[in-house]
Amino acid sequence: MKNVTEFEKMLKTAQPGDSIVLANGIWLDSELLFEAEGTAEKPITLTVEEKGKVTLEGNSNLRIAGDHLIVSGLVFKNGYTPTNAVISFRKNREEMANNSRLTECVIDNFNNPERQVQDYWVTIYGKNNRIDHNHISGKKNLGVTMIVGLDTKDSRANNHQIDHNYFGPRPTYGNNGGETLRIGTSHHALENSNTLVESNYFDRTNGEHEIISNKSCQNIFKYNTFFECTGTLTMRHGNETLVDGNVFIGNGKPSTGGVRVINETQTVVNNYHYGLTGYRFRGAFVMMNGVPNSPPNRYVPVIDSKVNNNTFVNCNNILFGAGSDAERSQAPRTSEFSENIIYNDNKKDIFTIDDDISGITFNDNILGKNSETSITSGFINADIKLEKNEQGFLIPTSNKIKTQIAISPKVATKENTGTTWYSKADNSIALNSGNNIKVEAGINTLYEIVKKSEPGDIIELEEGGTYLLTKAVKINHPLTFKTSGKIKATILFERMMAFEIQNGGSLFLENITFDGAKSPDYAGNSVISTSKNSMTENYKLFIDKCEFKDLIVNHSFDVLRVSKGTFADTISIQNSTFKNITGSIAALDKETDDIGAYNVEYFLMKNNSITELQGAALRLYRGGKDESTFGPFLEIDHNVFDKVGHGKKNKYKSAISLYGVQETDIKNNIFKDSKAIDMYLVVGEPIVKVQNNALNNSEKLIVSGDQKYFVSNQWNLTPKFSDESRYTLSADSPLKGKATDGSDLGIITQ
Ligand code: CA
């Protein structure tokens, strides 16, 4: 059978026990409706001629409806679904699949090209369905990867089993809607789903801070492995959840978390956690505060919940009463935290107590010798040793431990999940991993060489050479440009940008001068821009030892300008000079819908000299009150800002404009003759550190935003930003200085 018409014809006559076999090859734009009636003894199977040799590409999808159906071996790649699901267990709202199985299917990078267009990859409805040994990897557009829907009665108390699936990497989405698995919704929070989620492997599924969003009652999560996932298994809504025998491996990676408990009668037992560093809502374990008489869609207070026999090795944070605020004022009640083992090499006290804990009973918890807690009873210290078990896990041992954790042989591994025939290898290519290619100075030589480049290549410019671009260089894979030797090469450009980062591109610029002398006389030029179109792939941008000068041909000439629908994992600007510029260094303020979206996760600016910059050096915006994401994270360290922010077109009227940034660390900088840092704190529990900065004839820090941050003083400004007396800034060298502890401010010469 070679096409959809033949498939449909064959399906019409399919009898119980039959197999419908898709022929090897590419099935382009194939929307399959597998609707049939098998029997328990004789199911009807949809499968492929040879596993791995049949791919559904372009605008393809699959709907399953009927009874006792099996789907096996389909691969979806190189395309996206034209509907809201790639694989759905229903034909329409009324006609769904029951007693059916989806096994050994693959959905790989099957992304809608519009980052902000939502779809799901697998939607599960009906009852008694099994979803097992599938390989589901690389979702990058908006929308949960897999959902269990409870929107009709026939999908509730469903007894679905989701097991041995491989959920491959899902990069940070940068907004809500990046969950990997959701069971139910807030509308059906009090319905029983009775879904078993067992032995699945979650490999860096980082979309947002709910890896799993449990939103219904009586679900079971057993023996799943969460490998370096930035987020938690969240019991967002619904009661009577069992989380038993799962493994959370953080390996010290940022924002990795464990389990977050909300609602009633939740049981969290026998889980193993290693190297989880996340804090607040993505701690290794988080018990939230609730809203008194909460509607189902807010935060139902924790009661009657048990957290027992869990093991935490080198995890940084366990929180009780997390999210406590004026609305979430109800602390956990009649709950228990017992016989847990907590071992840390370094961090002494990993507990954060955000509200009253008198409603939690603590019994027989064991801490390592060097650990401590302010919780007054229910903890003893023991001389714990770590021993590697056969599976490779470091297990705390001590004669004081009554029941040592045994990690089930059923626990998910990369090997026992997914398919045997579809590779789980990571094909992403890093910057600076390719060949060195020399490029001669001249007109468009850079443009030509990029067309021949391979991902990861390093393009070397001639020392002191001049490169003119009459065409913008499109960057659609990771590339590095650098001058080898002391004297920087100079790049001039006649288009509105020198480089345009396109989907899949990342850029590293090192030891190069950019001069705006040949740029067109329009407003809004930039040295680097992202694609004007939505980009599903996150990008990286590194700038080191570069010089940007005379970007003044017209107003609002930026160094970096991004578009809506683009997201950078990292932007790092170091050891560079910026002089005589009419716009900003980085204008990261294009997500203005106030729904929690933003343009960059990590932004670092270190050891740069910025002089006569008319716009705000940095504009970073994350609007709205959504709490699903972690960033942006910002660090600005050892820079000199000299005459920054005074341009008439600078609508922000500041040298640095920050809105809704979650972590801000601004230190060791000098501001001379510059406008203020202006920050607006709006959501989460923003961590703000502004330390050791010196002001010389510059405006003082402006902090505004949600009043609660001022009342609770959860942000931290030390020492007081405006206190100039703490620094030595001499009149003849106001761009150098020292803090009272003797440490340097401003640029550090290397
Ligand atoms: Ca979410």
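Glu-228 is buried, with a relative accessible area of 11%. Buried means under 20% relative accessible area, exposed means over 50%, and partly exposed lies in between (1.4 Å probe, protein chains only). The model is predicted: local features need pLDDT of at least 70, side-chain atom pairs count only at pLDDT 80 or more, and totals for chains, interfaces and linings use all residues. Residues are numbered from 1 along each chain as its sequence is written, and side-chain values use heavy atoms, with hydrogens and water left out.

**Salt bridges**

- The structure holds 40 salt bridges. A salt bridge is a side-chain nitrogen of Lys or Arg within 4 Å of a carboxyl oxygen of Asp or Glu.
- Side chains of opposite charge can pair when their charged atoms come close.
- Glu-228 pairs with Lys-253 in a salt bridge, with the closest N and O atoms 2.9 Å apart. This pair links distant parts of the chain, 25 residues apart. Glu-228 sits in the loop between strand S24 (225–227) and strand S25 (232–237). Lys-253 sits in the loop between strand S27 (247–249) and strand S28 (259–261). Helices (H or I, at least four residues) and strands (E, at least two) are DSSP runs, numbered from the N terminus.
- Lys-253 is partly exposed, at 37% relative accessibility.
- Lys-672 forms a salt bridge with Asp-642, and their closest N and O atoms are 3.7 Å apart. The pair links distant parts of the chain: Lys-672 is in strand S67 (residues 670–672), and Asp-642 is in strand S64 (residues 640–644), 30 residues apart. Both Lys-672 and Asp-642 are buried.
- Lys-53 and Glu-50 also meet through their side chains in a salt bridge (3.4 Å, N to O). Lys-53 is partly exposed at 46%, and Glu-50 is partly exposed at 36%.
- A network of salt bridges links Arg-101, Arg-130, Asp-132 and Asp-163.

**The calcium site**

- Asn-176 (OD1), Glu-179 (OE), Glu-208 (OE), Glu-208 (OE) and Glu-210 (OE) coordinate the calcium ion, at 2.2 to 2.6 Å. Donors are N, O and S atoms within 2.8 Å of the metal (3.2 Å for Na, K and Ca); water is not among the atoms, so sites may look incomplete.
- Along the chain, the donors of the calcium ion follow the spacing N-x2-E-x28-E-x1-E. Asn-176 and Glu-208 link distant parts of the chain, 32 residues apart. Asn-176 is in the loop between strand S18 (166–167) and strand S19 (181–183). Glu-208 is in the loop between strand S21 (201–203) and strand S22 (210–215).
- Asn-176 counts as partly exposed at 31% relative accessibility, whereas Glu-208 is buried at 1%.

**Two domains**

- The protein is divided into domain 1 (4–397) and domain 2 (510–724). These bounds come from an automatic or database domain assignment.
- The C-alpha centres of domain 1 and domain 2 lie 36 Å apart. The contact takes 27 residues from domain 1 and 26 residues from domain 2. Contact means heavy atoms within 4.5 Å.
- About 2,100 Å² is buried between domain 1 and domain 2, and carbon and sulfur atoms give 45% of that area. Arg-115, Asn-175 and Arg-280 supply 28% of the area that domain 1 buries against domain 2, more than any other three residues. Buried area is the accessible area (1.4 Å probe) that two parts lose on being put together, summed over both.
- Between domain 1 and domain 2 there are 3 salt bridges.
- Glu-627 forms a salt bridge with Arg-280, with the closest N and O atoms 2.9 Å apart.

**Helix H2 and Val-439**

- Helix H2 (residues 445–452) has Leu-446, Tyr-447, Ile-449 and Val-450 buried. The strands that the buried residues of H2 pack against include S43 (436–439), S45 (458–461) and S48 (478–483).
- Val-439 lies in strand S43. Val-439 counts as buried, at 5% relative accessibility.
- Leaving aside neighbours within four places in sequence, the contacts of Val-439 include Leu-446, Ile-449 and Tyr-467.
- Val-439 and Arg-130 are 309 residues apart in sequence and 56 Å apart in space, C-alpha to C-alpha.

**Asp-558**

- Asp-558 is found in strand S56 (residues 558–561). Asp-558 is buried, with a relative accessible area of 1%.
- Leaving aside neighbours within four places in sequence, Asp-558 is in contact with residues including Asn-525, Leu-551, Ser-584 and Arg-619.
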